[in-house]
Amino acid sequence: MTLQTEERVQLGADVVLRVCEEEGVEVCFGMPGGAILPLYDAIARGTSLRHVLVRHEQGAGHMAEGYARAAGTVGVAFATSGPGATNLVTPIANAAMDSTPLVCVTGQVATASIGTDAFQECDIVGVTQPLVKRSWQVTEPDELAAVMREAFRCARGGRPGPVLVDVPRDVQSAPAAYSPAPPAPPEPPAVTAEEATVRELAAAIGVARRPILYVGGGTVNAGATAELRALAELARIPVVTTLMAKGAIPETHELCFGCPGMHGGKWANWALNLADLVIAVGARFDDRVTGRVEEFAPAAKVAHLDIDPREIGKVRHADYPLLGPLPDSLARVLAALDGPAASATWLAQLRQWRQRFPLRYDEGSPELKPQRVLQRLGEVLAGREDVIWTTGVGQHQMWAMQYVECERPRSFITSGGHGTMGFGLPAAIGARAARPGATVVCVDGDGSFQMTAQELATAVAEELPVVVVILDNGGLGMVRQWQTMFYDERRSQERLGGAVDCAAVARGFGALGFTVASEAAFDRALAEALASGRPAVIDVLISPDERLYPMIEPGAAAVDVLEFAA
C-alpha cells in the first residue's frame, strides 16, 4: 500500500517510485547497495510496487525481461553503482537485440564525487550507450519526474527496447518536485506505410503462386497477431515464424508451418526459400534464418513491414517497403486485398514436404531422449489454459523450438538475438510474477542452468513456483556438436568437469529436486512438481553425444538442410 501523502516532502527516490506507480508497474526486480540505498529506503517507507529481491543483478534484468514479455508491458530493474550496474549490461544487451522494453534505474556515487574514481563509481551511461535506446544521468532532483516519464515512453515507443536512468545518491536523497502526471499529450501521428505501396503489395499477393508470411518477434511486440492471422486466413498465405515469434499464430493452425532457420524444419526452410513472394512482418532477416544471404529466397519479391526504418532493406532489398505500426500496416493490406492468393497448390506442396521431411530422432533407443521429454511435457500440459515456456540457450533451446507447440503469443520466452545462456530461469521467475495464474516451465541445459542457478533462492523466497526441466548432458552440448562436426572432432573444454547434482543444488536452495533417467521416472517427477506449488527442478540425464537436427551448416544456403540419419 502506498504510504506517501501529498503533504509529505517527496525525495528524489520517492519520485522514482511514484512515476513507476503512475506507469502501472506492479512488480520490479533488483538488489540494494550503497549508491541506491535511498531508493530502497523509499520502498521501505511505502509503495504499491512489489519488489523481488534477486541474488544477482543479471537475474534482475532477465526477470524484468521475462515480466515484460509475458505481460506485454515495461519491465523495471534496480541496481546499485559499479558492479551492480555493470551486472545489468548483459540483460540490457539482450533486451536491445530482442526489442524488450526495460527501464533500468541505477544508483550512482554522489554528484560531487563523479569523475574522482570514487568507490564503486562507473560511467554506466557511457558503458551502455551503444545498447540502450536512450540514457540519462539525472543531477537535478526536480528533473527526475520528467525524466522517468520520458524513460517509460521511450522504452515502449516505436520499436521497444531498454533505457537507463542513472541517479546519484544525493539526488535520490534530496527534496524533489513532484505532482501527479498531467494528462498525456497527444501522441504525434505515427508514420504509416504509403498507400501506393500497400496497394502494390495487395496486387502482388493476388498474382503470387508461392507466397509466404515470414513473421518475426516484432509482430508479437506490436500486438499485431490478430491482424496477422486475419491476413493469413483471408489471403490463404502460409506462415513461418522465427524463434521470437513462436506462438504468434497457433502452431496447430492449418496455415502455420513452424520455424525456419539453422535448426528449423526442412519444410519450413524450403517454404521460405522457394517462395515467389516473401512478406516479412516484424522480422529482421537474421543470419540464423537466411543462411548465405545471396542465396536466400532468390526468386522472391520481398515485402518488409516494420516499425523501425533501419531494418527495412538492411539485409535484403525490399520491393515493397511498408514502414509503420504493424497492426495498421497489416490491416491496410488486408483491406486492399481483392481476394485470396492462388495458393492451393503451394499449400499442398508444403504439407507434402512436412510429411516427407518430419522432425526425426532415434525413437527406438533405450536411452531417454530429450525430444521425447519435450513431447511428453507438451502432452501433460496440453490441457492447461495458460502455459508459459522459457528457455536457456543451447541445444535444449532448439529442441524446445522444435517439439513444444505454442497456441498463443507471449507463451514462449527465450533469448533470441543475443543468445544469452542463463536467461531461462530468471525469465521464468519474471514471467510467473507477471502472470501468477500461469504454469511456467523453463527448459534448460545444465550449462545454462549453472550460470543463474542461484535465482532458485529468489523463486523460493518470493513464492514464485516455476518448474525447471534440465536436459542434462554433462557439458556444453552445442559446443561439443560443433567441435565434432566442424573441428575434426577436436573437443576442447566442452565438458563441465565433475558431475554436478542439479537436483541436490535445487534442494539446497529450498526447491524440490528430482533426477530422472527414464520416461516413467520423468512422468512421476513432473506430476509431483506441478502439484507441489513450489519451485522445482527435474534433472533429466541424457547422452552427451545427442545431436541436434535438422541443421544448416554455418555459411551454407538455407535450403541445404542436414537431417537426422539413424
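Predicted model: local features only at pLDDT ≥ 70, side-chain atom pairs only at ≥ 80, totals over all residues.
Residues are numbered from 1 along each chain as its sequence is written, and side-chain values use heavy atoms, with hydrogens and water left out.

**Around D276**

Stay on D276, in the loop between α12 (266-273) and β9 (277-281). Helices (H or I, at least four residues) and strands (E, at least two) are DSSP runs, numbered from the N terminus. Show R209 next: its backbone nitrogen lies 2.9 Å from a polar atom of the D276 side chain. Contact means heavy atoms within 4.5 Å. Setting aside residues up to four places away in sequence, D276 touches A208, R209, R210, P211, A299, A300 and K301.

**Helix α1 and its partners**

Select helix α1 (residues 12-22) together with helix α7 (residues 144-156); their axes come within 9 Å and cross at roughly 35 degrees. Axes are lines fitted to C-alpha atoms, for helices over the stretch in contact, and angles run from 0 to 180 degrees between N-to-C directions. This crossing of α1 and α7 is right-handed. A crossing is right-handed if the near helix is turned clockwise from the far one by less than a right angle, and left-handed if anticlockwise. On the α1 side the contact is made by G12, V15, V16, V19, C20 and E22, and on the α7 side by L144, A145, M148, R149 and F152.

The α1/α2 crossing is right-handed. Here A13, D14, V16 and L17 of α1 meet P38, L39, A42, I43 and R45 of α2.

**Salt bridges**

A search of the whole structure finds 35 salt bridges. Go to E195 and R332, whose closest N and O atoms are 2.8 Å apart in a salt bridge. E195 lies in helix α9 (residues 195-207) and R332 in helix α14 (residues 326-336), so this pair ties together parts that are 137 residues apart in sequence. E195 is partly exposed, at 38% relative accessible area.

Two further pairs each sit within a helix. In helix α11 (residues 225-235), R229 and E233 are four residues apart, or about one helical turn. Their side chains form a salt bridge with an N to O distance of 2.9 Å. R229 is partly exposed at 34% relative accessibility, and E233 is partly exposed at 34%.

Move to helix α16 (residues 370-381), where R376 and E379 are three residues apart, about one helical turn. The side chains of this pair meet in a salt bridge, 2.9 Å from N to O. E379 has 41% relative accessibility and is partly exposed; R376 is partly exposed at 22%.

Then select R159, D308, R310, E311 and K314, which are linked in a network of salt bridges.

**A covered helix and a strand residue**

Select helix α17 (residues 395-403), which is mostly covered, with nine of its nine residues buried. Among them are W399 and Y403.

Next is T439, in strand β14 (residues 439-445). T439 counts as buried at 12% relative accessibility. Apart from neighbours within four places in sequence, T439 is in contact with L381, R384, D386, V387, I388 and L530.

**Backbone stops**

Most residues other than glycine have a negative phi, and most peptide bonds are trans. Which peptide bond is cis, with omega near -5 degrees? The bond from Y549 to P550. P550 is in the loop between β17 (536-541) and β18 (551-552).

R236 is not a glycine, but has a positive phi of about 60 degrees. R236 is placed in the loop between α11 and β8 (239-241) and is partly exposed at 26% relative accessible area.

End at Q493, a residue other than glycine with a positive phi near 55 degrees. Q493 lies in the loop between α21 (477-486) and α22 (502-508), and counts as exposed at 70% relative accessibility.

Methods:
Polar contact = N/O pair within 3.5 Å; in protein donor to acceptor, adjacent residues only side chain to side chain. Buried < 20%, exposed > 50% of the residue type's maximum accessible area, 1.4 Å probe, protein only. Salt bridge = Lys/Arg side-chain N within 4 Å of Asp/Glu carboxyl O.
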